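Hi everyone, thanks for coming along. Let me put the model on the screen, and then I'll walk you through it.

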Amino acid sequence: MGEQQAAIVERRPPIQRIGKALMLMLIFIWCLFPFFWLISTSLKLGNEALNSPDLFHGPFGLQNYKSVIEQDFGFNLRNSAIIAGTTTVFCIAIGALAAYALARLPIKRKILVLAGVLAVSLFPPVALVPPMYEVWRTLGLLNTYPGLYIPYTAFTLPLTIFILSTFFASIPKDLEEAARIDGATAFQAFWKVILPLAAPGVFAAAIITFVAAWNEFLLASTFAPRDKAVQTVTVAIAAFTGSVQFERPIGTITAACVIVTIPMIILTLIFQRRIVAGLTTGGVKG
Amino acid sequence: MASEAARAPRVEGRRSLSNAALAKLFLTPSVAWMALVALFPVLYAFVLSLYLYQGRLSEGFGGLENYTEAITDDRFWSAVIATLVFTVTSVAAEFMIGLGFALIMRQAFRGRGVTRAAILVPWVIPTVISAQMWFFMFNVTPGFWNDVLGIGDFNWLGQPNWAMFAIVFTDVWKTAPFVALLLLAGLQTIPEDIYESARVDGATAWQRFWNLTLPLLRPAILVALLFRTVDALRVFDLPQVMTQGAFGTETLSMLVQRFVVQTPNPGTGAAFSTLTFILVLGVGVIFVRFLGREFVESTAGG
């Protein structure tokens, strides 16, 4: 296990190469196999096929997808897109400013600010549930979009700030200083020099923020549990549950899961490099 | 905001002053937002927890009565135990499998890019979806795992311990690849020539792993463990969807949420949430202290 790349430069016997390929395959199967099961199940029709463990037990068809759409799943997709999109815009807009300040500007008691941001990223969102439920009830924010994107923004900001400040810090200072010598203000240097150069980083942070907000379940199921006009995708998918555990409509649920999953997987594959860079430089969970 | 700085860009004293002012200006929206939405509710929860309620109606100040009620409640302790069992087992398994994956990926040249893309797939999937997916795979009907393993109608989700096992397994499936990604990034910062000289000195593969890789990977390992541990302590989605907290799988987050939604009692709910907050943040602080000041500074790239 503790082998390393240098060893590969030497010629290795084919058995070892095949062994490595097999181990990579293992990771591949680990990550992707459940989706194969998911897609196959979502295409099955009728109780007999759906209750069979055999992946290839037909008949197959698109009936489950039709019934998902008939249950107004489109509303849920729209709600999630609006809430996650708004969260992303807020996070990037105000997070980029804070990240730039942390990476480049003189801050008194910087360690305190950093510790505070870190503390929020370690924060258990459930601690918010009882007090915020009371406040939201008073303000009439239960079952509204702001009722969700306001807390989402607060919880995703630390991640955005970590990722962006790492990217800002990696941009050579000379460029900025050259701009300042040419008479640009700190704000102009940020806006005209740093921000365009950090665009890939901003993009990575935006995707990761969007995914975090899109996947949230605890607050969404507490603050907007049933109202179709606000209910998010995750809440809808969890709510397909029947009254008795094993009565969950497996066909509908798996079809809904596929509808949500496919675009996200495509997004991930397209922006793979940027996401990996964002996740690892930020060093923080998304 | 920019104009003030624009007027005196070259006067050194004023420039640094206006830079400091700009820094404050840039930080204010983020800090205010987080303080208002994260910090204020926690303080408010503490205040709420000191008052007694009958349903939603306040019955006046009760001091620490809600807390004595909370910590003498068996349900609270079983939630603490469920949360800790979940955290310890899932983080341990994720770390070992993630490290294995990272070492495999580090060695491979061909196919590494594709594998790294595949590794992001479980990460991007909403936890609720992985919960539903694995619920059905573990469930008696259609009984996918039972069929694969050839063990008849074993009821994974319908009995104590095995229900927790299924939940931990699902979390490990989803998160071990993510841990691998973090550790792989750490592995790639270790220079090759260190291994070369160790090899020349006759160190075995195991010795190189134990004496070089692990110590050099320590910072990446600690960061991964910190975020995984804190995240696991907050677990809600998986048990909520897979078992609804039955068979000893009700976690602290579920308990608090239920006191708000199902048993509306803001006082007791707030006491539970304050205790959860102290536990989770406490563990986080211990980790960060362990990681040291450089960690806090390096997280923000400063």
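Let's start with a question: at which residue does H14(A) bend, and which proline follows within four residues? The bend is at A:Thr261, by about 25°, and the proline is A:Pro263. By bend I mean the angle between axes fitted to the seven residues ending at a position and the seven starting there. Helices are DSSP runs of H or I with at least four residues, strands are E runs of at least two, and both are numbered from the N terminus.

Before going on, some housekeeping. This is a predicted model, so local features need pLDDT of at least 70 and side-chain atom pairs count only at pLDDT 80 or more, while totals for chains, interfaces and linings use all residues. Residues are numbered from 1 along each chain as its sequence is written, and chains are lettered from A and ligands numbered from 1 in the order in which they are written.

Back to H14 of chain A, residues 250–270. Its 21 residues should span 30 Å at 1.5 Å a residue, and the end C-alpha atoms are 30 Å apart, which agrees. The expected span is 1.5 Å times one less than the number of residues.

H8(A) bends by about 40° at A:Thr156, with A:Pro158 following within four residues. Buried here means 20 or more other C-beta atoms within 10 Å of a residue's own; 12 or fewer is exposed, in between is partly exposed, and the C-beta atoms are placed from the backbone.

The C-alpha trace spans about 75 × 70 × 30 Å along its principal axes. Buried residues make up 50% of the 286 residues. Looking at contacts in chain A with a separation of 6 or more, 74% are between residues 24 or more positions apart. A contact means that two C-beta atoms, placed from the backbone, lie within 7 Å.

Now the domains, whose bounds come from an automatic or database domain assignment. Chain A has domain 1 at 5–62 and domain 2 at 65–282, and their C-alpha centres are 31 Å apart. Eight residues of domain 1 of chain A are in contact with nine of domain 2 of chain A. On the domain 1 side, helix H2 of chain A, residues 14–42, gives the largest share, with five residues. In chain B, the assignment gives domain 1 at 2–37 and domain 2 at 67–299, with C-alpha centres 40 Å apart.

How many residues does each chain bring to the contact between them? Chain A brings 97 and chain B brings 101. H2(A) gives the largest share of chain A's side, 11 residues. That side divides into 71 nonpolar, 21 polar and five charged residues. For the classes, Ala, Val, Leu, Ile, Met, Phe, Trp, Tyr, Cys and Pro count as nonpolar, Asp, Glu, Lys and Arg as charged, and the others, Gly among them, as polar.

On to the largest nonpolar core, which has 173 residues. Such a core is a set of buried Ala, Val, Leu, Ile, Met, Phe, Trp, Tyr and Cys residues joined through C-beta atoms within 7 Å. A:Tyr100, A:Ile208, B:Ala180 and B:Leu183 have the most contacts inside this core. Helix H8 of chain B, residues 162–187, gives the most to the core, with 16 residues. Leaving out residues up to four places away in sequence, B:Leu183 touches several residues, including B:Gly98, B:Leu217 and B:Ala224.

Most residues other than glycine have a negative phi. A:Arg109, however, has a positive phi near 50°; this residue lies in the loop between H5 (73–104) and H6 (110–121) of chain A. A:Arg109 is exposed, with 8 other C-beta atoms within 10 Å. A:Asn143 also has a positive phi, near 60°, and lies in the loop between H7 (129–139) and H8 of chain A. With 16 C-beta neighbours inside 10 Å, A:Asn143 counts as partly exposed.
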